[in-house]
Structures are given as structure tokens and as C-alpha cells.
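Hello,

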Amino acid sequence: MDTDALKTAARMLRDARRIVVFTGAGISTESGIPDFRSPGGIWSQYNPDDLTYQKFRSHERYRKLYWEYDRARYPPMRDAMPNAAHQAVVEIEKTGRLLALITQNIDGLHLKAGNSPDKIYELHGTVREVTCLDCNARWPREEITDMMDREGIEVPHCPHCGGPLKCATIAFGQSLPADVLQEAFVHARACDLFITIGSSLVVQPACFLPLDAKRGGASLILANLDATPYDQYMDVVLKGKAGEVMDALMKQHRLLQGEVDAR
Ligand code: NAD
Ligand code: ZN
């Protein structure tokens with residue numbers, strides 16, 4: 001690990017007043033949830049083209065396939081535990097300087113780790129809930145899946161309006177929730193430190209968040225395993241596994257805080 005980069009990042013963290021953390025699938029791989037690009041994951045069993053919002057809307061056959069896929073991907077997410085990188089974000093919130101925690105993840109691990117719900121902006125929704133596409137009613141996921149199991153239902157429909165029920169995540173071809181996205185960009189422009197953890201920064205429009213933060217005057221830290229198209233704009237790149245890198249960063253930060261407190 002690059003100790004100079006780590007020390008620079010720790011100083012930025014100590015001096016920041018308004019921090020935004022932005023996470024992607026890479027923060028959860030050490031919790032056992034594969035990202036999109038790993039081989040052998042769920043994407044080797046299902047074709048993303050069959051799981052688009054448009055297909056879900058178009059035919060019962062695709063709704064059935066979607067629910068099959070959804071029920072296969074859920075148990076590993078339900079059973080996963082947060083790792084050191086999620087814990088680091090909780091520690092950042094405890095400093096009282098976290099403006100927002102924006103995530104592309106649907107696994108709910110930031111909540112499980114202990115970040116406050118009112119700080120979390122889930123750009124791609126959550127697997128923990130099910131929603132009606134027609135009337136927007138929402139249920140805790142288990143309420144619907146228990147009913148499906150009990151009554152042998154393959155494709156559930158809304159008890160209020162009969163509309164199709166779908167997991168409250170954003171499918172391919174479905175637009176992101178405008179209010180959540182807008183608030184995420186407002187926070188990105190208002191922060192003075194923007195930390196990206198475990199994102200390939202290729203999925204639009206979320207990948208524009210770091211640059212918007214920079215335009216607003218923020219410093220940028222990236223903690224990621226592989227290079228991204230935005231590495232050149234980062235003030236510090238911490239290359240490595242999110243859990244290890246963030247753990248080391250928080251240790252360094254505590255050391256600096258110790259210096260401050262001892263003065
Ligand atoms: P991505 O799959 O495009 O990229 C993940 C990035 O994380 C890669 O650049 C990779 O190098 C890096 N990475 C992998 N393991 C890492 C580790 N241990 N430490 C640090 N970095 C690591 O993910 P994305 O940028 O979030 O965007 C793709 C989409 O994936 C999003 O739409 C998201 O909803 C979806 N997704 C979410 C989950 C989840 O909720 N956990 C899982 C799979 C996919
Ligand atoms: Zn409904």
C-alpha cells in the first residue's frame with residue numbers, strides 16, 4: 001500500500017468539514033457479493049437483455065424470469081455481513097462530518113453496518129423492498145416472498161391495484177429515482193471531500209458525481225482495485241481492496257486525530 005498516498009488521504013479526511021462517500025459494487029465483494037464484472041457470478045446464469053424494465057413490463061414470461069433471477073440473487077445479499085470498508089464509512093459518519101452516503105449498491109449493507117438511513121441515498125434502489133409499478137405501494141420484501149411461497153405464486157401482483165410487483169431496485173432500462181439523484185448531486189456539489197469506494201465509474205449518470213464534486217471545490221479520493229476512467233481527476237488514488245485500504249486509512253486518521261487531541 002502506498003503510505004504517502006495514505007497519509008495525504010488521512011490529512012484530507014482530518015481537515016474536511018463536509019464529506020460525501022460514494023460506493024459501488026466493489027465495496028461489497030469482500031462481503032461475498034460479486035460485482036458485475038467478476039466471472040462465475042449471477043450474470044453467467046442470466047442474460048441481462050432478458051431482465052430489462054421494458055421486457056418486465058411487456059410479458060408475463062419475462063416477469064416470471066425476473067422473479068426467478070431476483071430470488072436467486074437475494075439470499076447471498078440477505079446473508080452477507082458488512083466488511084471493514086462499510087465499518088470505515090460508519091466511523092466517518094461518527095465524526096459528525098458526513099453529508100451523504102451515496103451508493104449504487106442494492107444490498108443494504110451500509111444500513112446493516114450502522115449508517116443512518118437519512119444519510120443514505122440508494123441510487124439503484126434496494127433488494128429489501130418490493131414495489132408496485134403502477135401505484136408505487138411498497139412492502140418489506142419478505143412479506144411478498146412469503147406470500148408467494150405460501151400460495152405458490154410465481155409472479156406477484158399488487159393487492160391494491162393489480163399492477164405488477166417488482167423488487168424495488170432499478171432494472172436495466174429503468175430510470176433512476178429523480179429526487180434521490182438530484183439530492184445526490186446537490187450533496188456532491190456542496191462537499192469539500194468526496195470519497196469513492198469500489199466503483200468502476202462507468203455507469204452513468206452516477207459516474208459524473210466525482211467530477212461535479214470537484215467543480216464545486218472538493219478534493220477527491222478513490223479507493224478501488226482497478227483503474228477507472230476518472231483516476232486522472234483524483235487527488236489521491238488508494239489502489240487495493242476496499243476493506244484493507246479503508247481500514248488502513250481510518251487507522252492513519254485516528255493517529256492524526258490523536259496528534260490533534262494531544263496538542
Ligand atoms: P462495477 O461492477 O462496475 O465495478 C466494481 C469496481 O469495484 C471495479 O472497478 C473493481 O475493480 C472494484 N472492486 C472489486 N472488488 C473490489 C474490492 N474488494 N475493493 C475495491 N475495489 C474493488 O460496480 P459499480 O461501479 O457499482 O456499478 C455497476 C452496477 O453494479 C451498479 O448498477 C450496481 O447497482 C450494481 N451491482 C451492485 C451490487 C451490490 O449491491 N453489492 C452487486 C453487483 C452489481
Ligand atoms: Zn398497485
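Below is a short tour of what was found.

First, the ground rules. This is a predicted model, in which local features need pLDDT of at least 70 and side-chain atom pairs count only at pLDDT 80 or more, while totals for chains, interfaces and linings use all residues. Residues are numbered from 1 along each chain as its sequence is written, chains are lettered from A and ligands numbered from 1 in the order in which they are written, and side-chain values use heavy atoms, with hydrogens and water left out.

Let me begin with the overall layout. The protein is divided into domain 1 (1-33 + 82-124 + 176-263) and domain 2 (35-79 + 126-169); these bounds come from an automatic or database domain assignment. The C-alpha centres of domain 1 and domain 2 are 29 Å apart. Between them, 12 residues of domain 1 are in contact with 12 residues of domain 2, where contact means heavy atoms within 4.5 Å.

Next comes the metal site. Which residues hold the zinc ion (ligand 2) as protein donors? They are C132, C135, C158 and C161, each through its SG atom, lying 2.3 Å from the ion. Donors are N, O and S atoms within 2.8 Å of the metal (3.2 Å for Na, K and Ca), and as water is not among the atoms, sites may look incomplete. The angles subtended by the four donor atoms run from 99 to 116°, so the arrangement is tetrahedral; for four donors that label requires all angles to lie between 85 and 135 degrees. Along the sequence, the spacing of the donor residues is C-x2-C-x22-C-x2-C. Helices (H or I, at least four residues) and strands (E, at least two) are DSSP runs, numbered from the N terminus.

C132 is buried at 0% relative accessibility, and C158 is buried at 5%. Buried means under 20% relative accessible area, exposed over 50%, and partly exposed in between (1.4 Å probe, protein chains only). In the loop between β4 and β5 (138-140) you will find N136, which is exposed, with a relative accessible area of 57%. Phi of N136 is near 65°, a positive value in a residue other than glycine.

Now to the helices. Helix α1 (residues 3-15) has 13 residues and reaches 18 Å from its first C-alpha to its last, close to the expected 18 Å; the expected span is 1.5 Å times one less than the number of residues. Its buried residues are A5, L6, A9, A10, M12, L13 and R14. H253, in helix α9 (residues 242-262), is buried too, at 4%. Leaving aside neighbours within four places in sequence, H253 is in contact with A10, L13, R14, T95 and R97.

Last, have a look at the loop between β7 (193-197) and α8 (209-215), where C207 lies. C207 is buried, with a relative accessible area of 3%, and it touches L201, V202 and Y230, not counting residues up to four places away in sequence. L201 is in that loop as well; L201 is buried at 2%, and its phi is near 50°, a positive value in a residue other than glycine. P205 also has its place there, and the peptide bond from Q204 to P205 is cis, with omega near 0°.

Enjoy exploring!

Methods: Tetrahedral: all angles 85-135°; square planar, octahedral: opposite > 155°, others 65-115°.
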